[in-house]
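Happy to walk through this one together.

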Amino acid sequence: MTAAIAIEGLRHVYLEDTPQAQQALYNASLHVAPAEMTAIIGPTGAGKSTLLHFCNGLLRPHERGRVRVLDQDLSTDVDLAALRRNVGLVFQYPHHQLFERFVGDDVAYGPRQMGLDEDEVEERVQWALQAVALDPEVFADRPTLSLSGGEMRRAAIAGVLATRPSVLILDEVTTGLDPEGREQIHALLRQLNEREGTAVLFVSNDLDEVAALADKAMLLYRGYTLAEGPVRELFSDLPLLARAELGAPFAGGLAAALQARGIALEHTPLTAAEAEEELWQAWKG
Amino acid sequence: MALIVCEQLHLTYGLESDVPIEALHGIDLTIDEGEFVAVVGRNGSGKSTLARCLNGLLRPTSGRVLVNGLDTALRQHRLTIRSTVGMVFQNPDNQFVMSTVREEVAFGPENLGVPRPELIERVDRALRLTGLADLPDVDPQHLSAGGKSRLAIAAMLALAPRCLVLDETTALMDPLARRETLALAQELCRQGLTIVWVTHHMDEVAEAARVVALDHGLLGYDGTPHALFADRALCAKLGLDLPPAAQVAHGLIDRGLSLDTLPLNAAELVDSLARAWEGRS
Amino acid sequence: MASLEGLRNVSIGRYVPGTSALHLLDSRVKVGGFLLVVALAAIVNGLAGLAALVIWMLILVTLSGIGLRSTWNSIYAALPFIVVLLLLQLAFTPIRPSDRILLAWGRLRLSWPAVRLVIVALLRFFVLMLAVSLLTGITSSGALIRGVEGLLRPFTHLGLPAHELALVGSVALRFLPLLGEQVESIAMAQASRGLADTRSRWKLAATARRVAQLIVPLFVDVYRRSEELALAMQARCYNGGKGRTHLIQERLTPRDWLALAILLVSSALVAALP
């Protein structure tokens, strides 16, 4: 398999002259490699969520463009149910995605649909809840709507994980969480990516989050893909990020400001930890 | 001069139910006129509850809250208090009542019965201050993310408040809208308005003059952001991140590079590093 | 999948700012005209009269510039439900021996009175949907409140809370398009977990279960929204209609009188049609 997701030249304009037109795509491309962590970055209204909906067949290409997911062309007649088990999509508002009364049943929904026997369903539920750091003993019998915001997000992720997707897609799932909640989700994504080899695609408008997590990134602005590539490369182009109304990532902005004051770093740092290391080297050297 | 005073403020939800939830257990807090106070803490630590006590949307279970000397528990002060301490919520889409920008801003002062000439003046002023003067007839839903938050603020300004409480107003925003909103709040503060800024973003906390941290319904910290972020153990206990600049600075100090102050944002870090480099050569 | 996208497509209740002659009318005229059209749709029973009403509304929608296509889209979204209801009516309308039979197929017979009834209901549905779209399209919520309040003012002496009724109505209308978006988002979120094969939606049991699955999260959303809105209104010193002042004060202009005259004359004509 060359790419988990390959989208080329996608156009999707929906209800022109209404607020929805803000979420249109004009020329969007996206490539997600298996076992990599990829981020879509862009300001509000860039079309990020819309693009995600193409990745598991919720929207189908009908105007222009090609969408291939797990080596299937989505403009042809594909088995959507199977595709969606392999490509898990976690929405921004977790309660939209939880539909059984109890957390355990909700997480079990996907595996049951797959026709697994109850033992295996149970095993998957245990695994998925543990993966998102919700103790199955405590949470399996809790009503879904009684969870706190952060717990609900993790329960929604568990429900998607239970079908063991090879691609996991998340739409701004750390927005509005406190620092600890954010860090928990980051740790979960790293673990899935590194240990299970799951390809992770996530949407974020927090550049520092992207710098800390992603291998590759795609910059979407008003429906156009402006750039795509390794995060390090993309984030070295500060003028481009500024033009896309995203500001500068902390470390990159710091390096540029230091340069202007006559302090040169050998490599442009991507994260705060790297900035510290580079500064220490510069100080010593 | 003290504008808002909380004395042993307790708030419990669901007192009549079997499982009352105690959200605030005895907060003593004084907010002076003209201050910029950031309020931080974990999800569920009581930030929103405290915010809602400050303008009387919630009444204390015990203890009291005084706004400009008026007790928020007393019904007769309700409207005065709510127009003195304005409140902006997280999701602007859910707080708009009207379908044009101008009507939305007028809604508050109309409720207060402000006579028409003054009403028009207040609305125009609020629109001007928030940069919305050119968009009076636009549907609020059609505004950009930053525009929506400016409108929510304008709607409050038209009540002529002395304090604005912004309850995680930037939580759902992209970086540009966040910066825009913070800059507007800072500008309003310079003009004399008191700002209470509830947030999870540590880079925003670094911009405040004072931080109040809540920890399980108690006051966990009250002081300058510098002193807070200097104490890493305390930050961890309160569930707070360090702003990235402070993180780098702590790392460098640990390794033996001494900095004269603890920088909290990139600009301060650059200044402080430049001084260190100068001192060496 | 088109059906998932369609739900967001509801433009009813959405104000479309503009400067057409219709936009500029006094809000009382707009609301009064709306009520007149609704009353006509209810009273007029003739096919020609109702068809004339539909055409009349289509012309007004076009003149207003709120967009014929988006208006049609929102009507289209509600159409399946109406069609099902009408088919049921068709099946259960009793047939009298004297009725003209249009079609007989086995035990199934279609009589002219039954078909006529369905056509009348369909035309009324179109008139109502067009009228609501038009009213909300050309009337901002503030104006809507003023209009309803203005018309109800004579009844306030009888204890009618005119302002509160107007406000509640206008806020409810504003929530409608948001509701459509919400349902779409929920349906998508659930579909991506393998729920909701849209092809099975005509099977009754599946449909019922599906609706229940959509309703719970929708209810949570609506509850949250209304709670937040209520808090936001309280924070902005909302205290009922008493003692409120108004930013905009309207006076009837010659244009409004002209519009009223046209409205009354055309209504009389419609009512006179067979």
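**Reading the labels**

In this predicted model, helix α2 (residues 27-43) of chain C packs against helix α5 (residues 112-138) of chain C at an angle of about 175°, and their axes are 10 Å apart.

Q: Why is α2(C) called roughly antiparallel to α5(C)?
A: The angle is about 175°, and angles over 145 degrees count as roughly antiparallel. Therefore α2(C) is roughly antiparallel to α5(C).

Q: Which residues make the contact between α2(C) and α5(C)?
A: From α2(C) come C:Lys30, C:Phe34, C:Val37, C:Val38 and C:Ala41, while α5(C) brings C:Arg124, C:Val127, C:Leu128, C:Ala131, C:Leu135 and C:Ile138.

Q: What makes up the contact of α2(C) with α5(C), by class?
A: Lys and Arg count as charged, and Ala, Val, Leu, Ile and Phe as nonpolar, so the contact has 9 nonpolar, no polar and 2 charged residues.

Q: How many residues does each chain give to the contact between chain B and chain C?
A: Chain B gives 33 residues and chain C gives 24 residues. On the side of chain B that touches chain C, α3(B) gives the most, with 7 residues. By class, that side of chain B has 17 nonpolar, 10 polar and 6 charged residues.

Q: What is the pLDDT of chain C like, and where is it below 50?
A: The mean for chain C is 82, and 91% of its residues reach 70 or more. Over residues 1-7 of chain C, though, the pLDDT is below 50. Where pLDDT is low, the predicted coordinates should not be read in detail.

How values were computed: Residues numbered from 1 in each chain as written. Chains lettered and ligands numbered in written order. Predicted model: local features only at pLDDT ≥ 70, side-chain atom pairs only at ≥ 80, totals over all residues. Contact = placed C-beta atoms within 7 Å. Helix = DSSP H or I, 4+ residues; strand = E, 2+ residues; numbered from the N terminus. Axes fitted to C-alpha atoms, helices over the stretch in contact; angles between N-to-C directions. Parallel < 35°, antiparallel > 145°, perpendicular 65-115°, else oblique. pLDDT = per-residue confidence, 0-100.
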